[in-house]
Amino acid sequence: MHRLNENYLLELNSMKLLIAYIFLLAGIFLGILANGYFLKMSGGFTKLLPSIACGIIILLAVFCLSRAMNTIPVGFTYATYGGLTIIGVTLFGIIKYNQTPNIYGSIGMVLIVLGVIFVNYLGRINS
């Protein structure tokens with residue numbers, strides 16, 4: 001009976017972690033959409049509809065981050081969100097607007113990806 005409860009708790013924790021990472025991925029996607037597409041379309045917040053869409057989508061991204069932070073440590077969540085959103089917006093800029101980074105920008109992107117990997121797989125939080 002005791003073993004059954006342990007397995008159930010492990011499954012429950014795994015499910016909570018999976019849901020948290022789904023919220024994190026949704027937040028990253030929404031951050032890329034808001035910053036890469038609608039923020040550019042807003043013309044410095046001079047165009048009403050893209051500006052409103054940008055604000056709503058950013059609020060949804062923050063909501064997703066807050067849900068992810070219920071399970072994933074705050075530092076890991078925000079580092080992953082920030083790093084992958086930067087990479088995503090850069091890739092979006094390359095594809096949609098033909099904005100290619102120079103060698104230093106490319107090296108910086110690689111370092112951001114490495115930083116996200118280090119934080120998520122090698123970093124440890126004592127709680």
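Before going on, the conventions. This is a predicted model, with local features needing pLDDT of at least 70 and side-chain atom pairs counting only at pLDDT 80 or more, while totals for chains, interfaces and linings use all residues. Residues are numbered from 1 along each chain as its sequence is written, and side-chain values use heavy atoms, leaving out hydrogens and water.

Back to N98, which sits in the loop between α3 and α4. Helices are DSSP runs of H or I with at least four residues, strands are runs of E with at least two, and numbering goes from the N terminus. The phi of N98 is positive, near 55°. Most residues other than glycine have a negative phi. F45 also has a positive phi, about 60°, and is not a glycine. F45 belongs to the loop between α1 and α2, and with a relative accessible area of 53% F45 is exposed.

The largest nonpolar core has 16 residues. By nonpolar core I mean a set of buried Ala, Val, Leu, Ile, Met, Phe, Trp, Tyr and Cys residues joined through side-chain atoms within 4.5 Å. L24, I28, L30, I57, I72 and Y81 touch the most other members. Two or more residues come from each of α1 (2–41), α2 (48–68) and α3 (74–97), and α1 gives the most, with 7 residues.

What does L24 touch, leaving aside residues up to four places away in sequence? Its partners are L65, A68, I72, T77, T80 and Y81, where contact means heavy atoms within 4.5 Å.

Two other residues, with the sequence neighbours left out in the same way. N120 is in helix α4 and is buried, at 17% relative accessible area. N120 touches Y21, F76 and T80, not counting residues up to four places away. T90, in helix α3, touches P101 and M109 under that exclusion. T90 and I32 are 58 residues apart in sequence, yet 9.0 Å apart in space, C-alpha to C-alpha.

Next, the cysteines. How many disulfides does the structure hold? The count is 0, taking a disulfide as a pair of cysteine sulfur atoms within 2.5 Å. For C54, the nearest cysteine sulfur is that of C64, 15 Å away. C54 is buried at 0% relative accessible area, and C64 counts as buried at 7%.

Last, the surface. In soluble globular proteins, nonpolar side chains tend to be buried together. Here there is also a nonpolar surface patch of about 1,200 Å², and its members include I103, Y104, I107, L114, F118 and L122. Patch residues have over 30% relative accessible area and no salt bridge; like charges are joined within 9 Å, and nonpolar side chains (Val, Leu, Ile, Met, Phe, Trp, Tyr) within 5 Å. A salt bridge is a side-chain nitrogen of Lys or Arg within 4 Å of a carboxyl oxygen of Asp or Glu. Areas come from the Shrake-Rupley method with a 1.4 Å probe, and for residues only the protein chains shown count as cover. One of the patch members, L114, lies in helix α4 (residues 103–122) and is partly exposed, at 36% relative accessible area.

How values were computed:
Buried means under 20% relative accessible area, exposed over 50%, partly exposed in between (1.4 Å probe, protein chains only).
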